[in-house]
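Subject: A structure for you to look at

Hi,

I am passing along the structure we talked about, and I would be glad if you took a look. My notes follow below it.

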Amino acid sequence: MEGETVSKNFIEQIIEKDLAEGHCSTVRTRFPPEPNGYLHIGHAKSILLNYGLAREYGGQFNMRFDDTNPTKERAEFVESIKEDIQWLGADWEDRLFFASDYFEQMYEAALKLIRKGKAYVCDLSAEEIREYRGTLTEPGKDSPYRDRSVEENLTLFEDMKAGKYRDGEKVLRAKIDMASPNINMRDPILYRVARMTHHNTGDTWCIYPMYDFAHPIEDAIEGITHSICTLEFEDHRPLYDWVVRELEYENPPKQIEFAKLYLTNVVTGKRYIKKLVEDGIVDGWDDPRLVSIAALRRRGFTPESIQRFVELCGVSKGNSSVDYAMLEYCIREDLKLKKSRMMAVLDPIKLVIDNYPEGETEELEADNNLENEALGKRRIPFCRELYIEREDFMEEPPKKYFRLFPGNEVRLMHAYFVKCTGFVKDEAGNVTEVHCTYDPETKAGSGFTGRKVKGTIHWVPAPYALTAQARLYENIVNEELGVYNEDGSINLNPNSLTVRNCYVEPALADAKAYDSFQFVRQGFFCVDAKDSKPGELVFNRIVSLKSSYKLPAAK
C-alpha cells in the first residue's frame with residue numbers, strides 16, 4: 001500500500017547507512033562457494049540474500065569460486081554450483097570469477113606484508129603451531145622463527161614458491177599478536193606448501209593461500225562493498241579487516257555476518273552426504289531425499305518456492321531452526337494454481353462397468369485446474385474397463401466410508417455415477433476385480449440433479465492408461481531418533497523410498513523431465529530428470545496435498 005512502512009533487516013540498515021555516509025557509492029555483493037561438493041538449501045539463503053541486496057540497491061552481484069584448496073575441489077562441483085545458482089535465478093551476468101584468478105596478486109600481497117615486517121616464514125610443524133597457539137584462556141607464545149629478517153623471509157618465501165621444500169615443511173604466517181584474546185589473530189598461517197594439481201591452474205603453483213588470507217583480497221580486488229557471510233566467520237572478521245588494512249586497499253570491503261539457515265531433521269553435512277552416496281544408500285548428490293539444491297530441483301521444487309521459503313525465514317543474527325514443513329508449504333502454495341490436476345492410480349485394481357457397451361469408447365472433457373481457467377481443458381477416453389485405487393473399494397466398509405462397496409454408488413470423477421454390484425477374488429482372497437453398473441443420465445456436466453452421492457473417486461481407462469513408476473518419499477532420517485547417532489552415523493528411515501508401478505492418464509504421454517502435475521488425491525509429482533525416458537515415465541512425489549502446518553504468526 002502507498003505510504004506503508006517496510007521494515008528493513010539489519011543488513012539493509014547497515015547498507016543504507018553506508019550509502020548515506022559515503023562508505024560506498026554503489027553496492028557490490030558476491031557468493032563465494034568452495035567447489036568441494038554440491039550446494040544445499042542453506043546455501044540458497046546466502047545466494048538469494050547476496051543477489052537480492054545487489055538488485056535492491058541497483059548494484060552488482062559477482063559469482064566467485066573460492067578455489068584455494070585443491071585437495072577436495074573438482075570441476076564437477078564447479079559445474080553443479082553454476083547450474084544451481086542459475087536455476088535459482090541469481091544472475092552474475094559476465095562476472096564469473098575464481099580465487100585462483102588472483103593467485104599472482106595474492107603472492108604479491110604476501111611479499112608486501114613480508115616487506116612491511118608483517119609476515120614471516122615459520123618452520124614449526126602443524127602440531128607445534130597448535131601447541132604454541134595457546135588456548136581460549138592462555139595466551140600463545142612466539143615462534144622461534146618470528147624474528148627472521150625481512151630479507152631472509154623474502155628468500156625463504158620465494159624458495160617455497162620455487163618448490164624447494166616438502167609439503168608442510170614451511171608456512172608463511174602473519175605477524176600480529178600471539179597474546180590476542182582472539183585465537184584467529186595469533187599469527188595465523190597465510191600460505192602453505194602443497195604439491196597438488198589445481199582444477200584451474202594445474203601444476204603452476206606448489207604454494208596455496210589460506211582462506212582467511214585469500215578471501216578479503218578477492219573481495220578487495222573485485223570492489224565488493226559488503227562481504228555477507230554466516231555467523232561462524234564473526235570471530236574471523238578482525239583478521240579480514242587486518243588483511244585489507246595492512247595491504248592498504250582503498251574503499252575496503254565490510255564483512256557482515258548473519259545466521260545460517262538450519263532445517264530440522266535433514267542431512268546437509270558434505271561428509272555425511274558423501275558417505276550416503278558412496279554406500280549406495282542414495283543414488284547421488286541429487287537424490288530427491290536430500291536437500292541439496294540439485295536434489296530439490298530433481299524432486300520438483302521450483303525456484304519460486306525456494307525464494308518464498310528464504311523470504312519467510314528472514315535475516316537475523318540469531319541461529320534458529322526451521323521446520324521442513326515450511327518448505328513443503330511453500331511448494332504447495334507455488335504449484336496449486338500453476339499445475340494441471342491429472343488422474344493417476346498408484347495401487348490399481350480393475351473396475352468393470354458391466355452395462356457399458358463392450359468395445360465402445362467416448363471422450364470426456366475435464367478442466368485442467370478448476371481454480372485456474374487459463375490452464376484450459378483436456379479430453380479423457382472413457383470405456384468399460386478402468387483402473388481405480390485399491391483403497392477405493394472395501395468389501396466390508398467401516399462407518400463413514402463413502403467410496404465403493406457392494407450396493408453403494410459413487411461418482412467417477414469427470415464421468416458418471418457407478419454402483420457396485422459385485423467383485424472377484426483370487427485364491428489368496430485378494431480382490432482382483434470390482435464390478436458395477438453406470439447410469440448414463442449422470443454424466444458430469446449434464447446438469448443431472450436426480451440424486452446425490454457422497455463419494456467421488458478417480459480412475460484411468462484400462463486400455464489407454466500409460467504404465468509408469470511413482471516414487472513416494474519420506475524423510476531419509478528417522479525423525480523419532482534424531483539425525484545422528486553418538487558415533488556420527490545417521491539414523492536412517494528404512495521407508496524413505498517406496499516405489500509403485502502405477503497407471504496414469506494418456507494425456508501424460510508427452511511429459512518430459514521436470515514437468516510437474518497434481519495427481520488428484522495423491523500429491524504433486526514431477527517427472528524424474530535422471531531415470532525417466534519416453535515410454536518409461538518415472539514420477540517423483542514432490543509433496544503430499546495436505547498438511548497440518550500453518551505459517552507462524554508475524555511478530
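Which charged end sits over the ring of Tyr107? It belongs to Lys161, and the distance to the ring centre is 5.2 Å. Please keep in mind that this is a predicted model.

Tyr107 also belongs to a cluster linked by ring pairs, together with Phe103, Phe157, Tyr191, Trp205, Tyr208 and Phe213.

Aromatic pairs number 24 in the structure. One of them joins Phe382 and Tyr416 in a tilted arrangement, with 5.4 Å between centres and 50° between the planes. This pair connects distant parts of the chain, 34 residues apart: Phe382 is in strand β16 (residues 377–383), while Tyr416 lies in the loop between β18 (409–412) and β19 (417–425). Both Phe382 and Tyr416 are buried.

Now to a sheet that I liked. It is open, has three strands in the order β1-β2-β3, and its pairing is parallel. Because β1 (28–31) and β3 (96–98) are at the edges with a single partner strand each, one side of each has no neighbour in the sheet. On average, neighbouring strands here are turned by 35° against each other, direction ignored. Between β2 (residues 60–65) and β3 there are three bridges, in the parallel sense, and Phe65 has Phe98 in β3 as its bridge partner.

Two helices go with this sheet. Helix α2 (residues 41–56) packs on it and touches β1 and β2, with its direction at about 160° to that of β1. Helix α3 (residues 75–88) lies across β1, β2 and β3, and runs at about 160° to β2.

Both helices turn up again around α11. What is buried in α11 (residues 303–313)? Pro303, Ser305, Ile306, Phe309 and Val310 are. These residues are on the same side of α11, because the arc they cover around the axis is only 165°. After α11 comes Gly314, with a positive phi near 75°.

Best wishes

Definitions and conventions
Residues numbered from 1 in each chain as written. Predicted model: local features only at pLDDT ≥ 70, side-chain atom pairs only at ≥ 80, totals over all residues. Heavy atoms only, no water. Pairing = 2+ DSSP bridges. Helix = DSSP H or I, 4+ residues; strand = E, 2+ residues; numbered from the N terminus. Axes fitted to C-alpha atoms, helices over the stretch in contact; angles between N-to-C directions. Contact = heavy atoms within 4.5 Å. Phe/Tyr/Trp six-rings, centres within 6.5 Å; stacked < 30°, edge-to-face > 60°. Buried < 20%, exposed > 50% of the residue type's maximum accessible area, 1.4 Å probe, protein only. Lys NZ or Arg CZ within 6 Å of the ring centre and 35° of its normal. Arc of directions from axis to C-beta.
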